[in-house]
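Please read the points below alongside the sequence and the model.

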Amino acid sequence: MRDIIDRFALEGLPISCERYGSGHINETYLLVTNRPHLYILQKVNRRVFPDAEGLMRNILLVTEHLRRKDPDPRHSLSLVPTREGGKYLKTEDGDLWRLYEFVTGSLCLDRAETPADLGQSGAAFGRFQQCMADFPSRELCEVLPGFHDTPARYRAFREALRADPLGRAAGAEREIDFYLEREKDAGFLKDLLDGGRLPLRVTHNDTKLNNVLLDDATRKPLCVIDLDTVMPGLAASDFGDAVRFGASTAAEDERDLEKVHFSRVLYESFREGFLYGCGDSLTPIELETLPDGARLMTLECGVRFLTDHLLGDVYFQTTRPGQNLDRARTQMKLTVEMEQAFRRREGC
Ligand code: ADP
Ligand code: GN1
Ligand code: MG
């Protein structure tokens, strides 16, 4: 690790470098120097992102674009160069490391402490989408093709079921049935997109609450982070993924399902913030399908967790056995409650 750190142009001498945050994909470290100066050091997950260089090109383009609109250094991610002047470090064994300035005075929440916190994250993701509206999307490479293609996620699920390499399907029959029963809904948004009724925008695609930094004094949004998945996508996916994670009353991997509920209050707070952040840019069909985004992103993420459980936890980082199955179960509970909530509203 020390020789990785030494290859970046740091302010001061490194005094500690510890694992940090609760992301499921990259290896993230908080690096502190004697200045004192704080950095976020990350090893990009090669298994998830085979084209890590394309990904880094995207991040440079996106952060430059955001900085042109708002030059405040705490409002966009800033990469720290290597001593050789590179934007990131590619090691001899093929790993890609990057160093970001730590956004000082920021809070990163795994759970909203008040509905207003979630509303602020909504404003941040809505504004992100607004800021990217004039970005030429053809300049971005599609780092993870079909990332929010729910039918394609179902195809991968069926393949995992067929292969069942660890014989885990037998212990997850109820969950498998649950997700298979809903496969018919999976193409709802994609069909609207393919039929030209929903526009493709430049979206974040991973809008968890812990991918936004809030100001620790004002609790207003500072910076949208985790830009690995910025690609063309649907407004409903960004809205939906944030609701999936943020409008739950419990952690994504909570084992006690009695604690897991879809909170209407949290949902409305996120919705209000997101719409404010988007300005008047969303079309009537986009507005109408935001709740479908929430339902389908929850279903899709649950399918992804269950697929990963069947394949042996090879994608999402886990810290205990069965964690991906637990995650798939919380998404089931949320899906059911969202189906009820949105159906009731449509009926009014
Ligand atoms: P992953 O893709 O694994 O989710 P993230 O890029 O989201 O990785 O980083 C993991 C965590 O590190 C974030 O949730 C946040 O707590 C923290 N983090 C990342 N970048 C910064 C930054 N520039 N300043 C402060 N904290 C950060
Ligand atoms: C991953 O990287 P992180 O932890 O912010 C995943 C998202 C999932 C999420 C589930 C690149 O997000 O798609 O919704 O876990 N990111 C990638 O918590 O697959
Ligand atoms: Mg993250």
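**Note on the predicted model**

1. Of the contacts in the protein chain with a separation of 6 or more, 73% are between residues 24 or more positions apart; a contact means heavy atoms within 4.5 Å.

2. The model is predicted: local features need pLDDT of at least 70, side-chain atom pairs count only at pLDDT 80 or more, and totals for chains, interfaces and linings use all residues. Residues are numbered from 1 along each chain as its sequence is written, chains are lettered from A and ligands numbered from 1 in the order in which they are written, and side-chain values use heavy atoms, without hydrogens and water.

3. The protein chain contains 11 helices and 10 strands (DSSP runs, numbered from the N terminus: helices are H or I of at least four residues, strands E of at least two). Its radius of gyration, taken over C-alpha atoms, is 20 Å, close to the 20 Å that the globule rule gives for 348 residues, so the chain is as compact as a globular protein of that length. That rule is 2.2 Å times the number of residues to the power 0.38.

4. Buried residues (under 20% relative accessible area, 1.4 Å probe, protein chains only) form 53% of the 348 residues. In strand β5 (residues 96-101), five of the six residues are buried.

5. Strand β3 (residues 37-43) runs antiparallel to β5, joined by five bridges; strands pair if DSSP finds at least two bridges between them. Q42 stands opposite R98 in β5.

6. Strand β4 (residues 89-90) is also antiparallel to β5, through two bridges, and K90 has L96 as its bridge partner. Five residues lie between these strands in their hairpin, where G94 takes a positive phi near 90°.

Note on methods. Buried < 20%, exposed > 50% of the residue type's maximum accessible area, 1.4 Å probe, protein only.
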